[in-house]
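This report describes selected elements of one protein structure. The sequence and the model are shown first, and the discussion follows.

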Amino acid sequence: MSPHVLILGGTTEARELAASLAARSDVRVTTSLAGRVSRPGTLDGDVRIGGFGGAEGLAAWLRDHRVDAMVDATHPFAAGITANAARAAAVTGVPAVVLRRPGWKAAPGDRWHEAVSLSDAAALLPSLGRRVLLTTGRLGLAAFAHLRDHRFVIRSVEPPAPPLPPDVAVLLARGPFTVEGETLLLREHRIDVLVTKDSGGAATAAKLTAARERGLPVVVVRRPPVPEGLTTVPDVAGVLARLGLGPR
C-alpha cells in the first residue's frame, strides 16, 4: 500500500502540497480542514473537515488511518493545532514536518512596531493613531473592544466574531491584494495605523508596501513559536525532501 500522508491544511501552501502529492502514484494524501471557512475551495486528494478532538483524537486518527507522515500546513498563528500535531506525532511516532512560508521582513522606510499578541497590539494603538485598518483575521478581536476612541476598519475573509470595538466598518475580502488597491483603501478610510499578523507570503503583503509609501506605522504581531520536536520547512519542495519523495 502506498504511504499515507496527512496534511493539516487551510493555506495556499497546503493546497499546493496536496496537488503535488495527489499527482503521484506512489503516495496517497488526505487534507484535513478545520471547517472555519465556509467555502474552502477544491482540493486534490481526499479531504476531511472538522476537528479531531485534541491531540489524543488526532493520534487515534493517525493510527486508525495508518498515516505514515503528517504535514502541518496550517496558518502560522494556528498555535493550538500545531501543538496538538506535535503531541500526536510524539505519542504515535508518526514523522511530522511543519510547512510555514517565511515571515515578512521590514524594508527601508517601514515604521514597524512589533507585538507579541493582539492584546499587546491593542496597547500600542493609542500612541500611534486613531483610524485603524485591522487585518488580523476574524477571531480574537475582543482584544480591541475596549478602544472607544478609535475607528476600526476590519478586513477578513469571514464575518468577524464579536465582541468588537464600538466604532467598526467590516470589509469582507480575500487576497491577493494590489498596492494600488491597498493605497486606495488607506486613503478612502483615512487610515493612520495598520495592524496585521506576520502571516508572510505575497497575497496580503501589498498593504505593507502601501503603508510604507504613505509613511504609516504598522503594528506587526509576531508568530507563536513552533513546538520543540517539529522541523519547519519553507516550501513544498522542502516537504517533499523531508518525506523522501523526489521529483516526478
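Valine 71 is found in strand E4 (residues 69–72); helices (H or I, at least four residues) and strands (E, at least two) are DSSP runs, numbered from the N terminus. The model is a predicted one, in which local features need pLDDT of at least 70 and side-chain atom pairs count only at pLDDT 80 or more, while totals for chains, interfaces and linings use all residues. Residues are numbered from 1 along each chain as its sequence is written, and side-chain values use heavy atoms, with hydrogens and water left out.

Leaving aside neighbours within four places in sequence, its contacts are Val5, Leu6, Ile7, Leu8, Leu17, Val97, Leu99 and Val239, contact being defined as heavy atoms within 4.5 Å. The C-alpha atom of valine 71 is separated by 5.7 Å from that of valine 98, which is 27 residues apart from it along the chain.

Leucine 240 belongs to helix H7 (residues 236–242) and counts as buried at 13% relative accessibility. When residues up to four places away in sequence are not counted, leucine 240 touches Leu17, Ser20, Leu21 and Leu245. The C-alpha atoms of leucine 240 and histidine 146 are 46 Å apart, and these residues are 94 apart in sequence.

**The six-stranded sheet**

An open sheet is formed by six strands in the order E6-E11-E10-E7-E8-E9, with parallel pairing; two strands pair if DSSP finds at least two bridges between them. Strand E6 (111–115) and strand E9 (168–172) are at the edges and have a single partner strand each, so one side of each is left without a neighbour in the sheet. On average, neighbouring strands of this sheet are turned by 20 degrees against each other, direction ignored. Strand E7 (residues 131–135) and strand E10 (residues 193–197) run parallel and are joined by four bridges. Valine 132 stands opposite valine 193 in E10. Helix H6 packs on the sheet, where it touches E6, E7, strand E8 (151–156), E10 and strand E11 (217–221), and its direction makes about 155 degrees with that of E10. Axes are lines fitted to C-alpha atoms, for helices over the stretch in contact, and angles run from 0 to 180 degrees between N-to-C directions.

**The H5 and H6 pair**

Helix H5 (residues 179–188) and helix H6 (residues 206–213) have axes that come within 8 Å and cross at roughly 55 degrees. This makes H5 oblique to H6; angles under 35 degrees count as roughly parallel, over 145 as roughly antiparallel, 65 to 115 as roughly perpendicular and the rest as oblique. From H5, Val179, Glu182, Thr183 and Leu186 meet Ala206, Lys207, Thr209, Ala210, Ala211 and Glu213 in H6.

**Backbone exceptions**

Most residues other than glycine have a negative phi, and most peptide bonds are trans. The table lists the exceptions considered here.

| Site | Backbone value | Location |
|---|---|---|
| Proline 162 to proline 163 | cis, omega near 0 degrees | Proline 163: loop between E8 and E9 |
| Glycine 175 to proline 176 | cis, omega near 10 degrees | Proline 176: loop between E9 and H5 |

Arginine 66 is exposed, with a relative accessible area of 61%, and arginine 190 counts as exposed at 55% relative accessibility.

Methods
Buried < 20%, exposed > 50% of the residue type's maximum accessible area, 1.4 Å probe, protein only.
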